[in-house]
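Here's a quick briefing for anyone meeting this structure for the first time. Have a look at it, then read on.

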Amino acid sequence: MTVKARETCELAIVGGGPAGLAAATLAAELGVEAVLFDEQPTPGGQVYRNVEATCRRQDDLPAFLGADYRGGLALVERFRASAAAYEPMSAIWQVTAGGKLGVSQRGEAYLTQARRVILATGAMERPFPIPGWTLPGVMGAGAVQTLMKASGLVPDRPTVIAGSGPLIYLVAYQLMQAGAPLQAIVDTSAQPLIRSAFAALPHLSGAAGELFKGLTWIAALKAKRIPMLAGRNLVAEGTSRVEAVSFEADGRRQRLATSLLLLHEGVIPNIQITTSLRCRHEWDPAQMAWRPATDEWGATSLDPIAIAGDGAAIRGAKAAVPLGRLAALDAACRLGHIAEGERDERAAPERAALARQHNFRSFLDRLYRPIESVRPLDDATIACRCEEVTAGDLRELIDDGFTDLNQLKSFSRCGMGQCQGRMCSNTVGRVLAERLGTGMAEVGHYRLRLPVKPLPIEQLALLKNADRNSKPILPVVAGDPSQRI
Amino acid sequence: MFRRLQADAPSATIFFGDQAIPCQAGDSVAAALLAAGIERFRSTPVSGADRMPYCMIGNCFDCLVEIDGQADRQACLVPVVDGMRVRPQEGTGRFDTP
């Protein structure tokens, strides 16, 4: 098979969720040669994952997933109808500060020089380290929602959802409708939703409908007598797989035998590419996550690079669309397709749409501060899933004087495994900050190196449009296993 | 541990070791394995512990398997292709000579 390398593109968009789709569609409408690269086979991102095929299904899955999910179809259809080029199943393994993208497609790699880049790589579930969280049978709640959207799969064995955030109730509601054996929800948030909701109502201008939706999920779960418990200090118990979850409630430890434990305490920006780029990042104390610093158009500290959607800060799918459109307007202006006046005029309704989302998001941030996934870890809890480094291992190293985050990474191997720190970055930072008595902003984040996605050395060596003046490091024989890193 | 909401005729078959795994159009390798009741995708290189996919969106790397002789493939990101040969990845994995 042969992949056609795109040598150049005017605007590269990375990620096919709502922000990327909205950005690519509008940019193309404004005459920009826009190319959207996405890792998935179909557009929609994680929130609208597989929405085209799901909406064609004859069963009740589209109904179970709800109107918000089905609403993503219009966004995908508008993108499909636009002149934007689409490169699905493309892993982006590098983005340089000069706008050069490394693309891996169907087993081949190539480089694309873009004049401007919009990163729309979205969010990931906040890693939730508890004792036993690496056992088979423990998954993210979002992971199971992905299985439902992508393949119509639902759990068929007893399932407990634990954590906090609106998604736990949405997933619980969706699973319950689909007939999954949902045993209980263990809510780790500080205060009951309903009390906070009424206190917040006066400040939710225009977004009370969103709140109402959340309350209807909870009412439906209550009607089906799904136990909703408050719990802290979760432990996934089991030897070769999860057998039970235990937690503290009312001053004593309770235990629920279960087959599937779904963990979730919100989502955080995916900053893999932006940290490898050395964009300026800030610690967001309200969302308890690192985020790349961006201006009102999503532009970063690096000239050709902008960010749209949850990759810049968690604002949700409904805000991702106007954020994508703002980044596209700015790109079209910088690339000479529209004047500043037109950009600003077209931006006004997008900013108004964002403002409508703002109060509700602040309310969610206050209500669902992660508590359980950021409490001090027991020494035996695994911080780094890849290299199986525990919080206790880290504390020993810190006490031995390894007090810089990246030094700690080198010596502990945390962040040096296959996931490249995606799952442990914040946890290691937290353990370090606790031990030093300082904050996350002070300890910083990992320095990441290319490639940001693993690819066989063979693909790099056979790079389709490599600089012919550079000397190969090794003589290369295609398919030779000894030449794999 | 998972069931399909809609039981269509399989559109493809892949193999996990010797086990034939029926797949539906659009399945990732990870989804097809989970639907067939597979829990053990790999063992870790450090302690040899069993792992199953955790995130399903390409971040956790706990779904690593060997696909058609190539190790380190993220099962949650690879769509199924009829006849694909998948093996659990033991430790750092093997790499077949073609």
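How many helices and strands are there in chain A? Chain A has 17 helices and 22 strands, where helices (H or I, at least four residues) and strands (E, at least two) are DSSP runs numbered from the N terminus. Keep in mind that this is a predicted model: local features need pLDDT of at least 70, side-chain atom pairs count only at pLDDT 80 or more, and totals for chains, interfaces and linings use all residues. Residues are numbered from 1 along each chain as its sequence is written, while chains are lettered from A and ligands numbered from 1 in the order in which they are written.

**Chain A overall**
- The radius of gyration of chain A (taken over C-alpha atoms) is 23 Å, close to the 23 Å from the globule rule for 485 residues, so chain A is as compact as a globular protein of that length. That rule is 2.2 Å times the number of residues to the power 0.38.
- Along its principal axes, the C-alpha trace of chain A spans about 70 × 55 × 45 Å.

**Where A meets B**
- The contact takes 43 residues from chain A and 39 from chain B; two residues are in contact if their C-beta atoms, placed from the backbone, lie within 7 Å.
- On the chain A side, α6(A) gives the largest share, five residues.

**A strand pair across the chains**
- β9(A) pairs with strand β1 (residues 2-4) of chain B in the antiparallel sense, over three bridges; pairing needs at least two bridges found by DSSP.
- R4(B), in β1(B), is the bridge partner of L153(A).
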